[in-house]
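Subject: Structure handover and notes

Dear colleague,

I am passing on the structure below, together with some notes on what was found in it. Please read the notes with the structure open beside them.

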Amino acid sequence: MKIKSPTAVIPGIYLALFFAYLFGPLIIMVITAFNSSNFPRVSPWECFTTDWFGKLVADDKLIEGLGNSLLIGVGVVAVAIPIGLAAAIMLSQVGPRLRASLYTIFIAPILVPGVVIGLSTLIFWDRIGTFFNAPYESFFYDGTFLTIFGQVTFIAAYSMLVFLSRIQRFDTTLTEAALDMGATPTQAFVKVLLPFMAPAIGSATVLAFLASLENYNTTVFTIVSSSTFTTVLSSKVRYGLDPSISAVAVIIISITLIGAIIYECRNRYHSKGWSLVVAERPVLKVATHPGSVAAVLGLLAIGAVLFIQNHDSSACTAQILEDKRAIQQKLMEQQSLDTPAVTPAPTTPKLGPLGGEDTGGTSAPSPFGGNAGSIFSPENLSGSAGSTPSTSDAPTSPPSSGVGGIFAPENLTGSGAN
Amino acid sequence: MTFAGVGTFMTKEISLEHVWVEFGEFTAVQKANLNIAGGEFFSFLGPSGCGKTTLLRCISGFQEPTRGLVKIGGKDMKGVGPNKRPTALIFQNLALFPLRSVADNISFPLEVRGVDKKTRRKRADELLELIALPGQGDKKVSELSGGQKQRVAIARALAVEPDILLLDEPLSALDLKLRQHMRTELRAIQKQVGLTFIYITHDQGEALTMSDRIAVMNKGKIEQIGDGKTIYDHPSTSFVASFVGENNVLEGTVLTNDGKMMQIDAGLGTLFHVESHPAGGPALAPGDACQLFVRPEALKIAKSDNSLNQFETRFVTEEFEGNMRHIVLDAQGKKLKLSLINDGTHSIGASAPVKLDFAPALGIALKPGELASA
Ligand SMILES: Nc1ncnc2c1ncn2[C@@H]1O[C@H](COP(=O)(O)OP(=O)(O)OP(=O)(O)O)[C@@H](O)[C@H]1O
Ligand SMILES: [Mg+2]
């Protein structure tokens, strides 16, 4: 190997840093999903476990939120895509001056903060509901309905942008040709423009669906008493985080990866170069068909699910618990040796990481780290989970323990007014 | 080639009455008056941007005239959409549907009329046969060559079974050989099917060889309508004279005009005798300024010393074109072009003066007007 000059290495280093920045958090997140530690973290590594997935599936609130999110996503796609397409077609047909002002109007919802859209949607439909004397159960006050309409305002604008970039490449004489050949305007639209727009409709659908799924700013207002995936997740962050969130991330990342791989395979498979390569090799042709790739990935996924269902880490976790107990015991003994006059050590000390869930905020000092390093320690988190969330409007946080406490999860709870 | 199954086409005449098309301030077509007979091969000839496409769009219904009437088969077409007119337009850019196969392109007009799939396919195959692309129906449009695309566009237009086929420079993308081939092909299709063809072209040779009649346009105005010979031999305006073919222009003054013969002083030391022709635009009176046009091939090297219309020039340079030699000469500061057949008989010396003349019937005197820019 030749030694590269420093200037040749710099792009490589830059790329490495860039990818680390991009994917580092995701990788950490994935690892934490398999650590039995009660708080999502990589070290100290306790046990390899798949229990968090089980916990996730058993989490009714999250599943319900996910269901709502999917429903809202489908609703948003169904409404936003036709609106976006219509807007794009309109923009492509009007004169330049009208186009500029229409464009600004269509694009405005993207520029307006999501919070404002959420609030105004809520108020607007409430007014209308009041005007019609609608009962509280009517759709004017329904979280799903309001969220769909709130999100559509700006997601329709996103999809319009996608459509615009495609429609600008559309040759309008094609529509004229269709009309000239005797097609009605509807036929010209369905048989000529729509097929041309199909790829853009595909990507706009995916984009709209994802934008709806991950939206929080607007949704948090419009969802009213219901919940979506994002609102459930955010309340989880506030009231106690555990690695089942990492498990969610693993699932989402896996689905994305599988989708991306199949999509890329499909593209490569249909490329000119590859069709030449496989022309004489039927086995390779079958093996690289996106369908077979999808089947293999599907089997892998099923395998992973089976593994997750059947993996048992209870022996290891019990061992860890035992170890911790032993350490605690030792500490206690040490303490009682040093200061024999003080109260005797409890026989079953409450342990931070594993017992935190039900112990509340006043658990015994953690064997790891102690108070100084406790900013991220799970006790603090579980502490906030245990305490009733602050309902006061005052954004002041409860007294934090030490300088390092600014990042402490208690503060999260404190500032997050319910 | 047979045209069985192409269908029976009715031929309908078209008339434009005082048609104006304005885009805001800009006038694209001015007061176009025109009658095209059923079954005629009619061409529009003119420089780029003169309004040819716009006029065609008026006939096909994509453009409503600002003023005036478009009639097809005696019926006013105002408010009749392009899909309801008995016309089929072959677009300047062909406008084939890129996502459809060749056969699906050709059978598109049938598809939108609700013809069933089997009949459509049969018809597409017939038309593919007609345009000499049998068995290529399943190809993608992008897999065709330029000339094949052109033919597919023609087949698709024929599938409409129009009364009138409008062609907007359909051969412009082709190389010379294919173009000549397609010309004869188109003419053959037109003759056999008996359709009215309205044909737009930049190419004068194309217009002259194929058309029954030609309209020459400039800046939105129809300058002259006539058959190829009339347009070429007896242009009625300076623009037509200078745009169609090549022409030498001499500025001059009419001295006498007895209705048959004019005498013109062009400042070359000779009184030119030129025949007046009824098709040659408004009559010129003695004392009028005029432009005298003599085509390069009408100029001859004088055989005797005292022939009519003889004048003296000096050799400047020669452009060699294979079958022709184009000699540039100078007549008292005016550049003239002389075209000679390259039969090896002429030799023009650079030093001696060259004496030229032309027949009175081949000189064209017209009212001074705008010339086509080279
Ligand atoms: N929709 C329009 N709006 C404004 N001006 C137009 C429009 N369509 C055409 N024009 C103008 O009208 C004039 C005539 O255009 P047209 O397309 O008829 O020219 P053409 O004779 O077909 O030229 P070419 O031989 O280059 O195709 C041009 O100057 C063009 O700029
Ligand atoms: Mg044109």
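Helix 5 of chain A is followed by Asn133(A), whose phi is positive, near 55°; helices here (H or I, at least four residues) and strands (E, at least two) are DSSP runs, numbered from the N terminus. Please bear in mind that this is a predicted model, in which local features need pLDDT of at least 70 and side-chain atom pairs count only at pLDDT 80 or more, while totals for chains, interfaces and linings use all residues. Residues are numbered from 1 along each chain as its sequence is written, chains are lettered from A and ligands numbered from 1 in the order in which they are written, and side-chain values use heavy atoms, with hydrogens and water left out.

To stay with helix 5 of chain A, it runs over residues 114–131, and its 18 residues reach 26 Å from the first C-alpha to the last, close to the 26 Å expected at 1.5 Å a residue (the expected span being 1.5 Å times one less than the number of residues). Its buried residues are Gly114(A), Ile117(A), Gly118(A), Thr121(A), Trp125(A) and Gly129(A), where buried means under 20% relative accessible area, exposed over 50%, and partly exposed in between (1.4 Å probe, protein chains only).

Helix 14 of chain A (residues 290–310) can be described in a similar way: its 21 residues should span 30 Å at 1.5 Å a residue, and its end C-alpha atoms are 30 Å apart, which agrees. Its buried residues, Pro290(A), Val293(A) and Leu297(A), cover an arc of only 60° around the axis, which puts them on the same side of the helix. They pack against helix 11 (244–270) and helix 13 (282–287) of chain A, whereas the face turned away from them carries the exposed residues Leu299(A), Gln309(A) and Asn310(A).

The structure holds 1 disulfide over all chains, a disulfide being a pair of cysteine sulfur atoms within 2.5 Å. It joins Cys47(A) to Cys316(A), with an S to S distance of 1.8 Å, and links distant parts of the chain, 269 residues apart, since Cys47(A) lies in the loop between helix 1 (6–32) and helix 2 (51–58) of chain A and Cys316(A) in helix 15 (residues 314–338) of chain A. Cys47(A) counts as buried at 1% relative accessibility, and Cys316(A) as partly exposed at 33%.

Finally, in chain B, Thr53(B) (OG1) and Gln92(B) (OE1) coordinate the magnesium ion (ligand 2) at 1.8 to 2.7 Å; donors are N, O and S atoms within 2.8 Å of the metal (3.2 Å for Na, K and Ca), and water is not among the atoms, so sites may look incomplete. Thr53(B) lies in helix 1 (residues 52–60) of chain B and Gln92(B) in the loop between strand 6 (87–90) and helix 2 (102–106) of chain B, so the pair ties together parts that are 39 residues apart in sequence.

How values were computed. Arc of directions from axis to C-beta. Contact = heavy atoms within 4.5 Å.
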